[in-house]
Amino acid sequence: MFKKILIANRGEIAVRVIRACRDMGISPVAVYSEADLGALHVRLADEAYPIGPSPATKSYLSIETILNVARKSGAEAIHPGYGFLSENSSFAQACSDAGVVFIGPTPESIALMGSKVESRKAAARYGVPMVPGTVDPIRDGKEARRIAESLGYPVMIKASAGGGGKGMRLIRSVAEIDDALTITRAEALASFGDDAVYVEKFVEKPRHIEIQVLADRHGNAVFVGERECTIQRRHQKVIEECPSPIMDQDLRQRMGEAALQVVRAAGYVNAGTVEFLVDEDRRFYFLEMNTRLQVEHPVTEMVTGIDLVKEQIRIAAGEQMEIRQQDISLNGAAIECRIYAEDPENNFFPSPGKIRLLITPAGPGLRDDSGVYEGWTVPIDYDPLISKLVAWGPSRHDAIQRMLRALNEYHVGGIQTNLAFFREILNQPDFLDGDFDTGYIDRWLKHRSAPPATSQMDLDLAVIAAAVFDVATEPSQDPSAGQRSAWKVAARLRGMRR
Amino acid sequence: MKHRTAVIAGKRIETSWTETETTIKATVDGRSYRLEKHRVSEAILWLGSDGLSVDAFVTPLENGYEVVIRGKRTFIEFEGSRRKLHRHTGAQEGTVSVRAPMPGKIVRVLQTEGAQIEAHQGIVVMEAMKMQNEIKAPKGGRIAKLNVAEGDAVNLGDLIAQVE
């Protein structure tokens, strides 16, 4: 087993991997950009190395710099987390060339599954069901219009190198094609450095359900249940669950087997996730494979008791997987809310800044995978995810109830977060019934009735609290002076008693 | 007896109170409250009385306070406070300035100066934190000034356009 692992990432996922390392007696090494000086993942590591300026392209995406840190620190393996270099086959290759173990699949698997075009071809050869569409990248608007016509509207336009909900657009009519093509290409180029896009048929009212897989180097492969990731806002997952409310054992078995076919098609090793669209008639279609740890992996861990990060490390170290398919069972239900520094009252714009107050929930059945602390400034340079809150319960209803309780205990001050948004969603009857599709949140936001107004009494209490604060913090030359703050007096008295 | 005139969403609310270290007697627009209080931390004030228990999370802002009680946010300003009153000048009438809601880059300009636009129509597409977002017109009218070009980097609060 490795003695030292370098974590080539930041934020909550770096913290998550550091914890797995600690749980296994492995020494974690952190890297950080200028914006992340003093970040939680840096503070929790045994060693930390600066890797450059804040923009990710100059730090977290710098292969050379990160491999230099591996050499300098003597780390035997690198965990890439998700995002950044995690699905970069050149990085996996560079690790291998440098004699450092990349905790993930081979460069070949990453390259194959990273290309939406090639991955679809490979999966199709193994008989995995597929959404109708083009296989090769499209050249121009004219070609896009021709293909869209033959598939029939609506269609999706997607970045070949895309993922994580970025670089895709829904097109309902021919008039929208040119604009969508321009925007998607621009986003694809900015996010993935590649502006190739393709077109596929849009599945109406789809659910997004993914299968977790684990495969070792000795030919053992298992699927570790599904995750329901249908609750998305603008194609970005915000709430995930395990199990899916529409799943039964038969469908799970069939989707699991299809996922293992993709594993075979890719010659896949380590943890991965096969994403499927599921239509209203519960037919499923291969979407893509994420060749890394997923953001939402904790819901699977809560329900199966399997520590996926530990398994990743063991597999990378060449060990035989001990988990057998028949040993995997789903116990109860788990739900995750992605807590973002963003303002739901202002079109969900990112809300970076200093966290002046942070109170996190505790108690039975909860897990808060956070990457921040009180006093930390959420930088503007990265994804504004600050934490993943996960609740477990013996049933879906219990898990949701517990999540609502936890959301009420959670408080982040100084920046805006989507906590209140989750409290609303988790009370919607459709959500509680498990009756939703990937367009649910966007539709709901359009027609949402204003949340119930604050009661008169709570408004009055807010005024009182603010007034008391205002007096307590005002300088003595203030117009309404002459009154001394009772708090200041009390604090001084306490100070004298010490 | 202390006194403050609070302003919430343009509405004035008179409040006066007396306090000791653990109690507070207040009237808010004539409604009376006798409360116990405990300063939990820098930012939290617990208020209670018979049957009541709430944490008030108070965050000072540039021009007032954000108070969260039972998960609900309220913005409160005070007249004559050190935290200056923010003037609400009939936001939707006359010329309205559209400002950058956060630092980022202008990736596309969707309108031209002088163009007539509808309320909620996009003016520019801004990229921030790897996401592209349309900045929309707060009201319908004419774009009197377009202050940015494609590729411009903008800071929080920078003028993007004026709609009249």
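Which residues do ring pairs link into a cluster? In chain A, they are Phe348(A), Phe421(A), Phe422(A) and Trp444(A).

Okay, before I go on, a word on what we're looking at. This is a predicted model, so local features need pLDDT of at least 70 and side-chain atom pairs count only at pLDDT 80 or more, while totals for chains, interfaces and linings use all residues. Residues are numbered from 1 along each chain as its sequence is written, chains are lettered from A and ligands numbered from 1 in the order in which they are written, and side-chain values use heavy atoms, with hydrogens and water left out.

Back to the rings. A search of the whole structure turns up 12 aromatic pairs over all chains. For a pair, rings of Phe, Tyr and Trp (its six-membered ring) need centres within 6.5 Å; planes under 30 degrees apart count as stacked, over 60 as edge-to-face, and the rest as tilted. One of the pairs is Phe421(A) with Trp444(A), which is tilted, at 6.1 Å centre to centre and 55 degrees between the planes. Phe421(A) belongs to helix α13 (residues 419-425) and Trp444(A) to helix α15 (residues 440-447), so this pair ties together parts that are 23 residues apart in sequence. When I say helix or strand, I mean DSSP runs, numbered from the N terminus: H or I with at least four residues for helices, E with at least two for strands.

Are those two residues buried or exposed? Both Phe421(A) and Trp444(A) are buried. Buried here means under 20% relative accessible area, exposed is over 50%, and partly exposed is in between, using a 1.4 Å probe and protein chains only.

Now compare the next pair, Phe431(A) and Phe436(A): their ring centres are 5.7 Å apart and their planes at 15 degrees, so this one is stacked. Phe431(A) has 0% relative accessibility and counts as buried; Phe436(A), at 5%, is buried too.

With a relative accessible area of 17%, Glu424(A) is buried. Setting aside neighbours within four places in sequence, Glu424(A) is in contact with Trp444(A), Arg448(A) and Pro451(A), where contact means heavy atoms within 4.5 Å.

Next up, charges over rings. The rule is that NZ of Lys or CZ of Arg is within 6 Å of the ring centre and within 35 degrees of the ring normal. Elsewhere, Arg43(A) lies over the face of Tyr373(A), at 4.3 Å from the ring centre.

The axes of α5 (residues 107-114) and α6 (residues 116-125) of chain A come within 5 Å and cross at roughly 100 degrees. Axes are lines fitted to C-alpha atoms, for helices over the stretch in contact, and angles run from 0 to 180 degrees between N-to-C directions. So α5(A) and α6(A) are roughly perpendicular; that word covers 65 to 115 degrees, with under 35 roughly parallel, over 145 roughly antiparallel and the rest oblique. On the α5(A) side we have Leu112(A), Met113(A) and Gly114(A), meeting Lys116(A), Glu118(A), Ser119(A) and Ala122(A) in α6(A). That contact splits into 3 nonpolar, 2 polar and 2 charged residues. Nonpolar means Ala, Val, Leu, Ile, Met, Phe, Trp, Tyr, Cys and Pro, charged means Asp, Glu, Lys and Arg, and the others, Gly among them, are polar.

What about α5(A) and α9(A)? Their axes are 9 Å apart, and they pack at an angle of about 120 degrees, which makes α5(A) oblique to α9(A). Here Ser109(A), Leu112(A) and Met113(A) meet Val262(A), Ala265(A) and Ala266(A), and the residues divide into 5 nonpolar, 1 polar and no charged.

A few backbone details to finish. The peptide bond from Tyr153(A) to Pro154(A) is cis, with omega near 0 degrees, and Pro154(A) is in the loop between α7 (141-151) and β6 (155-163). Cys242(A) to Pro243(A) is another cis bond, with omega near -5 degrees. And Arg234(A) has phi near 45 degrees, a positive value in a residue other than glycine; at 30% relative accessibility, Arg234(A) counts as partly exposed.
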